[in-house]
Amino acid sequence: MKKNIFLITLFISIKLLAQPVLPNYADSLFPTYYWQRATLFQTLPKQNTDIVFLGNSITDGAEWSEIFNDIKIKNRGISGDISAGVIKRLPDMVAGKPAKIFLLIGVNDISRGISVDSIFTNISLIANYIHYYSSNTKLYVQSILPVSDFYKKFGTHTNKFNVINQLNSLLKNNAEKLNYTFINLHDFFADENGKMNVTLTNDGLHLKGDGYMLWKHIVFPYVYNVEKKPALIPYPKQITWNEKLFPFYKVKNVVVNNEALLKLNINEVLNKNFETQLNKNFNDALPIIKINLANVNAPLLKDEAYQIHIDANALIVNANSVKAAYYALQTIKQLARDNTYLDGCNITDWPSFEWRGYMTDAGRNYQTVNFLKQQIDVMSNYKMNIFHFHITEDLAWRWQIKKYPQLTNAENMLRDKGMFYSIDDIKELIKYCNDRFITLVPELDMPGHSAAFTKAMGHNMQSEEGKKIIADILDEIFNTYNFPYFHIGADEVKITDTAFIPYVQKIIEAHHAQVIGWKPGGNFNNKTFLQLWNGDEKLKNGFKYIDSRHLYLNHFDPFESVVTIFARKICDVNEETNEAKGAEICLWHDRRVQNENDLIEMNAVYPAMLSFSEKIWNGGGDGGFITNISQMSDNNKKLFEIFENRLLEHKQLYFQHTSFPYYKQSNTIWKLVGPFYNHGNLADKFHLDTLTFDKLYQSATQTEIGNTIVLRHWWNPMVTGVLKHPEENTTWYALQKMWSDADTIQPFWIGFNNISRSTATTVPELNTWDDKQSSIWINGNKIKPTVWFNANQKIDLETPLTNEGYEFRTPTFVSLKKGWNEILVKLPVASFKGKNWENPVKWMFTVVPVKNN
């Protein structure tokens, strides 16, 4: 008997895999309108990025590309169509090998008395045909919608409740077998009696506009490969979901209970045109949004705490301040990802740290005001509240001072000559930040990083003449702007006048501004906020600290940055204390850039910023500085995997037109084999050429996770890699098995040294990946290195990066076979001492398949 079951199962499997043969239906079986639409579809262009909605009049009735605001989404519905009609036009549907097909068909078959089994057989044939002829197309089979006899129309359709349920059960129960995703639309559209909700239709069969909005909300996660519930970053401290759906698209009115809330710019944040009124009763105009200043309990930073309650009729915000209400709006914006319905929930939220900052260096590389605003917008979206603006440097002084116009003269600048920020520019940026509840903190770096000052003024800052000029500059600044915080830098300089820092601090404090300085740095008093930048620095009682230790984006690999930042324990504490105020990520791109967008792309700013926003808002984490997922605690690994899914949703939905160099890595498994002692012979193979891939794979000594694996960081042991005891003159091998659904040419990011953007690191020789003779084979084929644009050139900080980083060069295209592919990476190293300080040895590799943009 068992043998017979096996044979039957084998027969079915072979049948499913066999080439599907479509019935040859006569053209005359299908009406005029069918052919009008079908022949139109045949003439339209087809692309493998298309997302196709395929079905009958219910599909035909929507303007899908407009509903989703996405031209990739195509309407291929034909009114009156049946499953046989879909089969007839199926070859044309799959000719372009679309990315996805959303199928809804069968209710017209039911109305004609066609049996459930016959309809299911046709839908099975459709599924098999799609999988066979367009294997990369994802198929989604949607349930038949409920019907209603309330309107006494379409009687042969609207009396088939039981048959519809039978077909839906078959479709649901066979989804795994037929390799499609089943989407249960039926239950969302049904009332308590299982019939179509009469508010969504006007004939009991077809949908009104409200029905299509509901449909969009249901399928949105499938269209864009996102979670069923909106991904919130930073994630709220407390959230519970309910089954209610709030029709956000219907809202016309917002009521606030305090005049201060009118300055929230609600319509700008939510991209709406609501009428906002103070204390007006709109109870008869549901659905409605209410925003209240109220008393929200929170154990920490109560001023920034808020609550959100969402049910079917109302969205209510209670906040302890206007700023907290603004943060609630940012959460609502993410909840409203599809701009139709909001899932019901209750949220109570507050931050773990009050200082949540981002620093950018516009002294070395000038950035336009609009480009700075783009970065500020992203900060605002993720509840960051400190914009640290570094605008004076050795290369250039970029802050207009009326009394000393020579400071911003082009001849006194070494890079981006003549580019500076006028008084109006600074005021515009301050207002732009204030409107988003962000504080602009300027940094006038002194007495260090001040060669441009010396060149323009003819005096060193620490001279008596220099101090008088600085006093004039500070007085002009504080008489022109209102800065609650003022950063004076004071690092990386020899203090020749110990009175300089106290002198400057006294002036700033007289203007009621809080002084901030780098630590290690100048001889500050204990009222100074100290910004930590060296990983060896520790917090001490009596000072207040901002943590930027190992938070410099210019030193990170894109995948490393997200992991490192997420795992961090800010200021070595779980949440704010008297000493620990928060942290900043910093962008120090010392190298000249060809255009300002390179700053964002080459430093993977936005993936890092989102990881930081999650960390700084929610606190916690592991101690120390790590580089890889496997180094996290077990709890943090689980949290990271969840966070990564949310991060990728935000990439998909909110960064489509902005550089966001990140791909999923928590499911990427590497096997490491080693160490093998090469005695300085980096080319040694250690007789591994006699071993099969599988034998080498099975001999692995450790398992690692991620797209980038750092074996040893140049700041080891302060910053740790995956090797607990890395040794010079050794070679390791990394192996991965990668699945491909089809024979294909796949673009890859491949790299072996994601260099710092702050040093004049030399470029590898031509025909090499790096100076360690690292190599990679895929399916036994050695992959040729990138052709370096800056090879054989003298490199200094005025040499822009071109294609040194995998994330900003053309991908490497590799042939993959259908099934399992074998990746072998050779990782030799000699000395851990680089050629010089600008060429440190970061022993690492990156291999990741990417989309070809």
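Reader: What makes the charged end of Arg-436 count as sitting over the ring of Tyr-432?

Author: The charged end of Arg-436 is 3.5 Å from the centre of the Tyr-432 ring, and a charge sits over a ring if NZ of Lys or CZ of Arg is within 6 Å of the ring centre and within 35 degrees of the ring normal. This is a predicted model, in which local features need pLDDT of at least 70, side-chain atom pairs count only at pLDDT 80 or more, and totals for chains, interfaces and linings use all residues. Residues are numbered from 1 along each chain as its sequence is written, and side-chain values use heavy atoms, with hydrogens and water left out.

Reader: Which residue lies over the face of Tyr-503?

Author: Lys-467 lies there, at 5.3 Å from the ring centre.

Reader: Why is the pair of Phe-387 and Phe-389 called stacked?

Author: Rings of Phe, Tyr and Trp (its six-membered ring) pair if their centres lie within 6.5 Å, and planes under 30 degrees apart count as stacked, over 60 as edge-to-face and the rest as tilted. The centres of Phe-387 and Phe-389 are 5.5 Å apart with their planes at 25 degrees, so the pair is stacked. The whole structure holds 58 aromatic pairs.

Reader: How do you know whether Phe-387 is buried or exposed, and what of Phe-389?

Author: Buried means under 20% relative accessible area, exposed over 50% and partly exposed in between (1.4 Å probe, protein chains only). Phe-387, at 0% relative accessibility, therefore counts as buried, and Phe-389, at 1%, also counts as buried.
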